[in-house]
Every structure is written in C-alpha cells, then in structure tokens.
Amino acid sequence: MKGKNGSARREYVVGIDLGTTNTCVAWVDDSVPTVIPNKGGYKTTPSMVAMSESGKRLVGHIAKRQAITNAQNTVYAAKRLIGRKWDSPAARAVQQSCPYVIVEGPHGDVRARLREQVYSIPEVSAFILQEMKLIAEQYLSVQVDRAVITVPAYFNDNQRQATKDAGRIAGLEVIRIINEPTAAALAYGFGKDLERKVAIYDLGGGTFDVSILDIGHGVFEVISTAGDTFLGGEDFDIRVMDWLIQSFHEKTGVDVRDDRMALQRIKDAAEKARCELSIARETLIDLPFLYTTPTTETLHLQETLSRAQLEELTRDLVDRTISICERTLSEANIDRGDLDDVILVGGMTRMPLVQQRVAEFFGLEPCKGVHPDEVVALGAAIQASALLDESQDILLLDVTPHSLGIMIVGGYFHKLIEQNTTVPTSASHVFTTVRDNQTSVKILVLQGESDQAMDNELLGEFILSGLRKAARGQVEVEVTFSISADGIVSVSAKDLETGREQSIKVTATSGLTEDELQRLVEQSQSYMVEVRTSEEFERRRQQAERLIAEVRALLPTVKGIMSGTSFGRDAIAKAEAALDRAQTEMSATDLRGLTEVTESLERTLNMFRGVVSKTGLT
Ligand SMILES: Nc1ncnc2c1ncn2[C@@H]1O[C@H](COP(=O)(O)OP(=O)(O)OP(=O)(O)O)[C@@H](O)[C@H]1O
Ligand SMILES: [Mg+2]
C-alpha cells in the first residue's frame, strides 16, 4: 500500500518511541496525534525480547511475563547497549547487573545470547520495532513501511546509526531520527499557537535528557541539550537491588548474585517497590522461597522499604540530573527565570523526589498537561506526518548534542562543529601534512568534548592516500563534516591539489556491516509472514485454558508447601481469584480482559513453579 507521490491512496507513517523499558507507537489520525494500542489494549509494550525453550521468539508483554523463569534468555534494556563497544563501561555495567549473557561481536560490538543464538543489539531492537510495526498494521489494517523513530538527544552517531539499522532490519524505512525531548516538545506545542521558552526534563528507564527549546508559532527551535545515556530507572533499580542483596546477605550469609532466577525476582520486586513508593510512604518487599541452600534450607526475603530510604539510596542519581540541567542552561546562556514552563517526560518523573528537585531547581511547577509515557511517540508521529505533508506549519530545528572533529598531531582533538549547533550543518577545515614526503593522511573522526582525542567517542577512521611528495606543510587536505537532520555524521577529505576525494560512512568501527544488515533484513521478512497469520484472540484463549489447567494442577502441592509458613497466604488467595476471573473472561469476548487474566495466571504459575522447584518437590 505504498502511496507514491501523486497516488490517491493514503500513505501511513508512524512515530515510534523505542524506549529502554517501554516502546510506544503513534500516528496522526485526521490531524489528531493518537497512540496505537497493542493487541492486549495497552498503549506501551515492554522493550523485552526472549527465546522460549522451544526456540520461539517472544516480544513485549509475553516476554516480560516469563522473564523470571527464563531470566537468562530474556533481554531487557537493550537500548543501553545499542551502538556501544564491547570495551565500553556501559557493556561492563550491563554484564554485571543483568541476568542475560552478552558477548563480544566480530566488530568489537556487543551481542546478546539467547539460548544457542547470538544476536547483535540492533537485531534485538529490531524485534521490538517489528512488533510495533505489526501492532500498527493490525490496528490500521494497512502495511506500514515508514517510520520516524526517536532516540535520546544525547545519543552519539554510533547509537543513532545502530538505531536506524534496527529500523531497517525490522522492515521499516526510517524517514527521520528525532530526539526524544524534541518530540515531547512537539507534542506539547502542537496545534497551539504558543510563544514560550521551555525545558524538557526526560528521565526514562535507561536514559536522561534535558533540552531547552524556544517555541514560537509552529517553530520548535532547540537551543541546547545535554544528558546521560546511561542514567535512568535501571540505575535506581540497581540501588534497591544492591540494598536488598546486602541485607539478605547480612541476615542469611548467602550471596544470591549467582542465582539468575533469584536476581530477576529481586529486580522485579525492586522496580515494583519503587513505583509503589511514588504513592505510598512505605512498602513491603516479600519474596518467599527466594533461595535454597546446598543443605536444602529454603530462605525467604522480606524487607520493608520506606520512601525516605529509597530517596537516600538514590538521591545522588537525582542530583546528577540536576547538575546536567545546570550545565545545559549555562551552555545556552539562559537564566532559569527566562523559562515559561518545565515539562516532565518519562516514567521516572513520577517519583516524588524527582518532581520536587525539578520544581526547586527551575522555580516552576512542572506542567501537568502531557502524558509522560506517550508524549514522545505522539511527537514522533507529528513529525512523521509533517514530513509527508509539507504544507503543515511545523518547523523543527534541532541541535547536535556533541562536538565533532578529528584527531590532530599530538593526540589533540580539533573540533569542526561545536555541540549545540543547529542541524543539518556542515563545516570544512584545511589541514596540512606534518612530515616531509608524507603521501597519506589518516583521519580519525571523533565526537565529544574532551581536548584529548581519545577521551572522545571514536566514530570511524579512514585514510586518504596518493598525496604529492612535498615538504611538510606543503600539501593541503580539506576535511568536510556534515550532520544530517537525523544527527547522523558523514565526513569527506579532499586533496586540494589533485581534487581526489574520499568519504566514509563513519560507523565503520562498530555495529553491523552492510552485508550482515542485508542478510538480517531478508531473514526478518520471512519471519513477518509467519507472525502475521496468528489469530490473537483464539491463541490467547487457548493459552488461558492451558494456564488454568497448569495452575490448578499445582495448587494442592503449593498449598501443602505453604501451609507450614507465614509466607504466601496471600498468593494462594490471589491465585484462586485469578482462576475465578479467568473462568469469567474465557466466555467473554474482550481481548484486554483475557490478556489481563492470562498475565496474572502466568505470574501465578511462575511463582508456583518457583516455589516447587526451590523446595525440590515436583
Ligand atoms: N509510578 C512510578 N514511580 C516511579 N517510577 C516509575 C513509575 N512508573 C514507571 N516508572 C519507571 O519509569 C521507567 C520507565 O519509564 P519510560 O517508560 O519513560 O522509559 P523508556 O522510555 O522505556 O526509557 P528511555 O526513555 O530511558 O529509553 C522505569 O524505570 C519504571 O520503573
Ligand atoms: Mg523514554
């Protein structure tokens, strides 16, 4: 259903917020930006990919539901790894805290292992994007081939390029990559004739961004942006997990870190407790049968966590976001008092400490009018529709988050484009040879702010050869950098004497080669045929039937195990309630209701299986 220019058929293009924790897809329906719900009726889909024991690929809610029992083969927060190198601190941190296995890829990149198969990170992200494409296609009843995808404003070129590759593997033409805070601003200002200076504070599951924008009657101009692509809810979870693991260790002498299932249960409980503490002042973290010792003693974890304790554990993380806000304001030469509004984006901004610190810092009550989970996807959809229909009165002027340059003699970094320059942009500079009879030059392309070249992110390198032999300083080479509206970099070098030119795709040092990409694109197309034929409702009903049978079969055993302990009484009551509700939903036709009951049955079953396996009974 490709509506080429001039065709009367309507072309559909969606906006996708590919999040660390949740992914959301939206479109513009008759001038109204609208989120597209998934098959279960949810407006966001967990960014999780798993491989089941039978080799079936699971994405979204279905992957999340089995994460505890299949922790080693469930990848979450892949966005923290996209476009990163194996030897980066980010890869080390993920390796230490995540139950899934990552390995070094052939290009010094990071790959994830799911059962016997190793996948590149763009491929894992592509599975999520493919699911979003499907959700949109089922909802709109047309094929969707094009999308605008959002990335954290502070993503560098490698991360942007890898995200674009993910889109391509998923069978999507990524017509534009836009920055998440900018997308949020677009959704905030869309259709209103505003003239305001605003700050967007976006703290999500994995990344933090802050952008300052000038919005004036349809023109959205980013003045400056800053962030940290490794700071988000995941880090808050790790703090709570560490605290739980330590107190469990103090009480029992057991370190649970090597037990992947226990670790995943703790992670789940930590996140749940954090979210509860956004409303309650205190919460109980209760993990019965968490660990079985070699002498088959069963250990339970039970802790009370207060909001004040959580704030103490994570205060420095919130402080880090505030210093980044400070930095970006000073870089933009903007006074806090000049801002008219501060907009909170991302699930983490529901945390009261975050809201309080942001309000204090900006001296403004954050704007309540935007939905923190949906606003980025809505903005992406608005941009997508504006790109299709040039008559729309929207102009987006974004900036590059990092300076761009090359390494020069002495190991220094020479900037050609400064950070916060409006994109698209390009810049040229003429360099000379440094040795007599030097016939080639090597250009190292870097992105970052340090004066020392190698402290910055290496984007790629190339050699321009065949220069005329001459005394040092005699041969001139002109280097031109360009940054597209996507924030993606290209570089060329020209021997000014001969006119010889060489250009590079600067992603040469990480990610996937063109051949690999091509193969993955083909593979995923054949997979699409397979998934599209599924009948969701019937599948769910059968799944619910199977789950009811399994939970019923285990119920007497679990009741028996739990009867001697104070733990789990609640769990039995919940299981019985879930069974009752499932019976009712089975005869209804509401997919959402059925999805909810299968989810709660899955959780019950996971819990039951955990209890039974821990106590060694089958
Ligand atoms: N009520 C709540 N209180 C505290 N934290 C919450 C709450 N609801 C969600 N979160 C946290 O918000 C995070 C997810 O936010 P969001 O969905 O905006 O992230 P994302 O878009 O997937 O990630 P990113 O933008 O960083 O790539 C999770 O860490 C989650 O625990
Ligand atoms: Mg987000």
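**Sheets, helix packing and a ligand shell**

Me: How many bridges join strand 24 to strand 25, and how do the two run?
Reply: Strand 24 (residues 441-447) and strand 25 run antiparallel and are joined by seven bridges. Strands here are DSSP runs of E with at least two residues, helices are runs of H or I with at least four, and both are numbered from the N terminus. Two strands count as paired if DSSP finds at least two bridges between them.

Me: Before I go on, what kind of model is it?
Reply: It is a predicted model, in which local features need pLDDT of at least 70 and side-chain atom pairs count only at pLDDT 80 or more, while totals for chains, interfaces and linings use all residues. Residues are numbered from 1 along each chain as its sequence is written, and chains are lettered from A and ligands numbered from 1 in the order in which they are written.

Me: Back to strand 25, then: which residue there stands opposite valine 441?
Reply: Leucine 464 in strand 25 is the residue opposite valine 441.

Me: And what is the strand order in that sheet?
Reply: The sheet is open, with four strands in the order 21-20-24-25 and antiparallel pairing. Strand 21 (412-417) and strand 25 (457-464) each have a single partner strand, so one side of each is left without a neighbour in the sheet. The twist averages 30° from one strand to the next, where angles run from 0 to 180 degrees between N-to-C directions and axes are lines fitted to C-alpha atoms, for helices over the stretch in contact.

Me: What about the three-stranded sheet, what order does it have?
Reply: That open sheet has the order 8-9-10, again with antiparallel pairing, and its edge strands, strand 8 (101-104) and strand 10 (117-120), each pair on one side only. Direction ignored, neighbouring strands of this sheet are turned by 40° against each other on average. Strand 9 (residues 110-114) is joined to strand 10 by four bridges, and alanine 112 has tyrosine 119 in strand 10 as its bridge partner.

Me: Which helix packs on that sheet?
Reply: Helix 3 (residues 121-140) does, touching strand 9 and strand 10, and its direction makes about 85° with that of strand 10. Contact means that the C-beta atoms of two residues, placed from the backbone, lie within 7 Å.

Me: Changing topic to helices, at what angle do helix 5 and helix 10 pack?
Reply: Helix 5 (residues 180-189) and helix 10 (residues 375-388) pack at an angle of about 80°, with their axes 7 Å apart. That makes helix 5 roughly perpendicular to helix 10, on a scale where angles under 35 degrees count as roughly parallel, over 145 as roughly antiparallel, 65 to 115 as roughly perpendicular and the rest as oblique. The contact of helix 5 with helix 10 divides into 10 nonpolar, two polar and one charged residues, with Ala, Val, Leu, Ile, Met, Phe, Trp, Tyr, Cys and Pro counted as nonpolar, Asp, Glu, Lys and Arg as charged, and the others, Gly among them, as polar.

Me: How do helix 6 and helix 8 pack?
Reply: Helix 6 (residues 233-252) and helix 8 (residues 307-331) have axes 10 Å apart and an angle of about 140°, and that makes helix 6 oblique to helix 8. Asp235, Phe236, Arg239, Val240 and Trp243 in helix 6 meet Leu310, Leu313, Thr314 and Leu317 in helix 8. By class, this contact of helix 6 with helix 8 has six nonpolar, one polar and two charged residues.

Me: And helix 6 with helix 7, what angle is that?
Reply: Helix 6 and helix 7 pack at about 115°, with axes 9 Å apart. The residues of this contact of helix 6 with helix 7 divide into eight nonpolar, no polar and four charged.

Me: Which residues come nearest to ligand 1?
Reply: Of the 22 residues around ligand 1, Gly19, Thr20, Gly204, Gly233 and Gly347 come nearest, a residue being near a molecule or strand if its C-beta atom, placed from the backbone, lies within 6 Å of it. Helix 7 (residues 260-276) gives the most to the shell around ligand 1, with three residues. By class, the shell around ligand 1 has three nonpolar, 14 polar and five charged residues.

Me: Last one: is the peptide bond from valine 423 to proline 424 cis or trans?
Reply: The bond from valine 423 to proline 424 is cis, with omega near -5°, and proline 424 is found in the loop between strand 22 (422-423) and strand 23 (425-432).
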